[in-house]
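Open the model in your viewer and keep a selection tool at hand. The stops below go from one selection to the next.

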Amino acid sequence: MMDLKLAPSFSLIALNAQRSLHMTTVKKVSLRCMAAAVILELYLEECITQSEYNLTLHKEALEQSHSTLYRETVLQPLFHNSAEVKGDLNWWLKKASMPSNNQLKKFETAISDYLKAMNLLEDIPSRLGSDMFFDSAEVEVRAYRSNMEAYTSITENIRAEILEEGPVTDEIICMLWLLRESGCMHAFFSLNELEKVNIKLHELYQSNLWAKALFSIQIRHGIELGLKRFLELKTKFAKTFIGSSINLIFPALERSRPVFIETESWFDNSNQRLDAVITRLESYGHEVKVMERGSIATLKIDNLLYDAIPHFVMMKVPIQGVRIVPKRPL
């Protein structure tokens, strides 16, 4: 993994393609997990001292660790006027993941500014804003885009440690837990791989004390669990208590909405139609790479893969275009 601390690394995954101007429910889920990642980051750096089941953080230790603003926005509400804060791991993670809306916004600003200063995050027009109905209504929708090289490095490192034989580091165990709690597993693992992930989670829970302590903690809120049931999710990949909810897709819905991009001309040639749509996307600041052409092309737009399906909608006249649909790992 590149030389980034845990919270910024996870934030690059969690913020990618999230709306930057609006506090959506989906983004709240990500931000709560990012705040919990700050606690795990401090634990891995041994800024938090452990005595039996209690974890204690002293203000003095925090100052000595070259604290950053994103850490302070999470920790200040916990300290109040105290010189130290004490609680078990479950208390710390749940407390950190339940800030007020105002605190959540401050945290988002702090960590996004931190990543932007390192040229690892930028604010661009959202893919949703390219949709014919958003575009024609002149509704501005903007989104975060993570640095593509850093994003790939982080996600591929997680995949390699989980899917290949060998030891798993404490940092990757934290990443697994954060992905599980934020419901993003399915974005990085195929359906077959999710079953392997579930087995790996269970093995780590049985053999690794850190994983055993962490995996038994859940910070998900009732609303997500309710939506999980509403979405009638399959339980095929949740055969164990520890693996439960790894197939929770709710938090990614905002990033996975298909969009319809119309063309300004009527093309008989599907490649010309696709090229016209790519030109439109690039004009909005997106980086587009054609991975595969054909009746249904595969595009990589910024960090994510999409199917590009020729389509038309019937208004007063038929309007030709391409529907851009998120492509899941197979």
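This is a predicted model: local features need pLDDT of at least 70, side-chain atom pairs count only at pLDDT 80 or more; totals for chains, interfaces and linings use all residues.

Leaving aside residues up to four places away in sequence, Lys27 touches Gln18, Arg19, Ser20, His22 and Glu108. Lys27 is found in helix H2, and it counts as buried because its relative accessibility is 0%, under the 20% cut-off.

Now zoom out to the whole chain. The protein has 14 helices and 10 strands, and buried residues make up 50% of its 330 residues. Of the contacts between residues at least 6 apart in sequence, 67% join residues at least 24 apart.

Next, select Leu40, Leu93, Trp177, Leu214 and Phe215. These are the residues with the most contacts inside the largest nonpolar core, which has 70 residues. Helix H2 (residues 25–44) supplies the largest share of this core, 10 residues. Apart from this core lies another, of 17 residues; Phe134, Ile261, Leu281 and Ala297 are among them.

Move to strands S2 (residues 54–58) and S3, which run antiparallel and are joined by 4 bridges. Thr56 stands opposite Lys86 in S3. Which residues of strand S3 (residues 84–87) are on the covered face, and which on the uncovered one? Val85 and Gly87 are on the covered face, Glu84 and Lys86 on the uncovered one. In a regular strand the side chains alternate between the two faces of the sheet.

The last stops are salt bridges, of which the count comes to 13. Show the side chains of Glu45 and Arg71, which meet at 2.8 Å, N to O. Glu45 is in the loop between H2 and strand S1 (49–51) and Arg71 in helix H4 (residues 69–79), 26 residues apart. Glu45 is partly exposed, at 30% relative accessible area, whereas Arg71 is buried, at 2%.

Then select Glu193 and Arg159, a salt bridge whose closest N and O atoms are 2.8 Å apart. Glu193 is in helix H11 (residues 191–207) and Arg159 in helix H8 (residues 148–163), 34 residues apart. Glu193 is buried, with a relative accessible area of 15%.

Finish at Arg293 and Asp275, whose side chains meet in a salt bridge (2.8 Å, N to O). Arg293 lies in the loop between strand S7 (288–292) and strand S8 (297–301) and Asp275 in helix H14 (residues 270–283), so the pair ties together parts 18 residues apart in sequence. Arg293 is partly exposed, at 38%; Asp275 is also partly exposed, at 34%.

Terms used
Residues are numbered from 1 along each chain as its sequence is written. Side-chain values use heavy atoms; hydrogens and water are left out. Helices (H or I, at least four residues) and strands (E, at least two) are DSSP runs, numbered from the N terminus. Buried means under 20% relative accessible area, exposed over 50%, partly exposed in between (1.4 Å probe, protein chains only). Contact means heavy atoms within 4.5 Å. A nonpolar core is a set of buried Ala, Val, Leu, Ile, Met, Phe, Trp, Tyr and Cys residues joined through side-chain atoms within 4.5 Å. Two strands pair if DSSP finds at least two bridges between them. A salt bridge is a side-chain nitrogen of Lys or Arg within 4 Å of a carboxyl oxygen of Asp or Glu.
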